[in-house]
Amino acid sequence: MMNLPSKPPSLRQAAPAGSPTVSPVVELNVGGEFYTTTLGTLRKLPGSKLAEMFSLSAKSFTDAKGRFFIDRPGTYFGPILDYLRCGQLPTQHLPEVYREAQFYEIKPLVKLLEDTPQIFGEQVARKQFLLRVPGYSENLELMVRLARAEAVAARCSSVLVCAVRTEEDAAHCAESLRVLEADKRLVVKFGPWKASPVIRDLLDSVRMDIEAQGYQVEYDYCSKKTFLPRLVACEYFYTFLFKWW
């Protein structure tokens, strides 16, 4: 949690005697983006991390102008405020707003975003599938390391991938993998997995997640010339091509 100078004056100002209770106005600097709102808006959801940040017992950071500083992406804080002010749901940058809503623990907004097709498809469908693929994240990291290792003085580098959906597929590939290993060919193996998506779905997810890291990559069936004649399982092997320039 953010460690929010203690006793920030704007959180402790009381309304003059006899005047209506008014929620103090608070100026914020969120990652370099400036916002003005009320303390009541920030505390609208008791128990949330955002409400805790602006509780009377919290410590705070301020910038040179005395604005409360939160070291998070400021662009996506606006939709959080709009939701707290009037219940308005964001229509753009949903994954980024979803991430920030999770950070600030705005649970009603998190739930509403999870019901949108974009977040539902990513969080409930695709990511749940990938959790059923053993070693998926580790294999992604390995692919990137292998590609970068071959990138010296080269325009492209390639990584050989074996994808098997079932134990039967894995059995068909076993001999091919042994021969490639004997030839000191590095292969990144995905699967088998217990879920309905097919091999192409897995390969598309690999491409999407590598591209999300900023790499240019494409894949296709591995050329049969790569294999010796005895390697009969070439349909399970793919080449991922990383383009560097």
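Leaving aside its neighbours within four places in sequence, which residues is Glu100 in contact with? The legends below start there. The model is predicted.

**Figure 1**
Glu100 lies in helix H5. Beyond its neighbours within four places in sequence, Glu100 is in contact with Arg72, Pro73, Tyr76 and Ile80. Is Glu100 buried or exposed? Its relative accessibility is 0%, so Glu100 counts as buried.

**Figure 1. The buried residues of helix H6.**
Helix H6 covers residues 107-114. Which of its residues are buried? They are Leu109, Val110 and Leu113. Seen down the axis of H6, these buried residues fall within an arc of 105 degrees, so they line one face of the helix. An α-helix has 3.6 residues a turn, so residues three or four places apart point the same way. What covers the buried residues of H6? The cover includes H4, helix H5 (94-104) and H7.

**Figure 2. Helix H7 packed against helix H10.**
Helix H7 spans residues 117-130, and helix H10 spans residues 199-211. The two pack at an angle of about 100 degrees. Their axes are 11 Å apart. Angles of 65 to 115 degrees count as roughly perpendicular, so H7 is roughly perpendicular to H10. Which residues meet here? From H7 come Arg126, Phe129 and Leu130. From H10 come Asp201, Leu202, Ser205, Met208 and Asp209. By type, the residues of this contact divide into four nonpolar, one polar and three charged.

**Figure 3. Arg126, a buried residue of H7.**
Arg126 has its place in helix H7. Is Arg126 buried or exposed? At 14% relative accessibility, Arg126 counts as buried; the cut-off for buried is under 20%. Not counting residues up to four places away in sequence, Arg126 touches Gly121, Tyr136, Ser205, Met208 and Asp209. Ser205, Met208 and Asp209 are also among the H10 residues that H7 meets.

Phe120 is found in helix H7. Phe120 has a relative accessible area of 42%, so it is partly exposed. Not counting residues up to four places away in sequence, Phe120 touches Glu114 and Ala125. Lys127 is found in helix H7 as well. At 37% relative accessibility, Lys127 counts as partly exposed. How many residues apart along the chain are Lys127 and Ser205? They are 78 residues apart, and their C-alpha atoms are separated by 9.3 Å.

**Figure 4. Gly40 in helix H2.**
Helix H2 covers residues 39-42, and Gly40 is found in it. Gly40 is partly exposed, with a relative accessible area of 36%. Ala51 is 11 residues from Gly40 along the chain. The C-alpha atoms of Gly40 and Ala51 are separated by 9.1 Å.

Most residues other than glycine have a negative phi, and most peptide bonds are trans. Ala153 has a positive phi, near 55 degrees. Its place is in the loop between helix H8 (136-149) and strand S4 (156-163). At 86% relative accessibility, Ala153 counts as exposed. Lys184 has a positive phi of about 60 degrees, although it is not a glycine. Where does Lys184 lie? Lys184 lies in the loop between helix H9 (167-182) and S5. Its relative accessibility is 76%, so Lys184 counts as exposed. The peptide bond from Gly191 to Pro192 is cis, with omega near 0 degrees. Pro192 lies in the loop between strand S5 (187-190) and H10.

**Figure 5. Confidence along the chain.**
The mean pLDDT of the chain is 88. Of its residues, 87% reach 70 or more. Which elements have the lowest and the highest mean pLDDT? Helix H1 (residues 9-12) has the lowest, at 48. Helix H4 (residues 77-86) has the highest, at 97. Over residues 1-10 the pLDDT is below 50. Beyond near neighbours in sequence, that stretch has 27 contacts in the model. Over residues 12-20 the pLDDT is below 50 too. Beyond near neighbours in sequence, residues 12-20 have four contacts in the model.

Terms used
Residues numbered from 1 in each chain as written. Predicted model: local features only at pLDDT ≥ 70, side-chain atom pairs only at ≥ 80, totals over all residues. Heavy atoms only, no water. Axes fitted to C-alpha atoms, helices over the stretch in contact; angles between N-to-C directions. Helix = DSSP H or I, 4+ residues; strand = E, 2+ residues; numbered from the N terminus. Parallel < 35°, antiparallel > 145°, perpendicular 65-115°, else oblique. Contact = heavy atoms within 4.5 Å. Nonpolar A, V, L, I, M, F, W, Y, C, P; charged D, E, K, R; others polar. pLDDT = per-residue confidence, 0-100. Buried < 20%, exposed > 50% of the residue type's maximum accessible area, 1.4 Å probe, protein only. Arc of directions from axis to C-beta.
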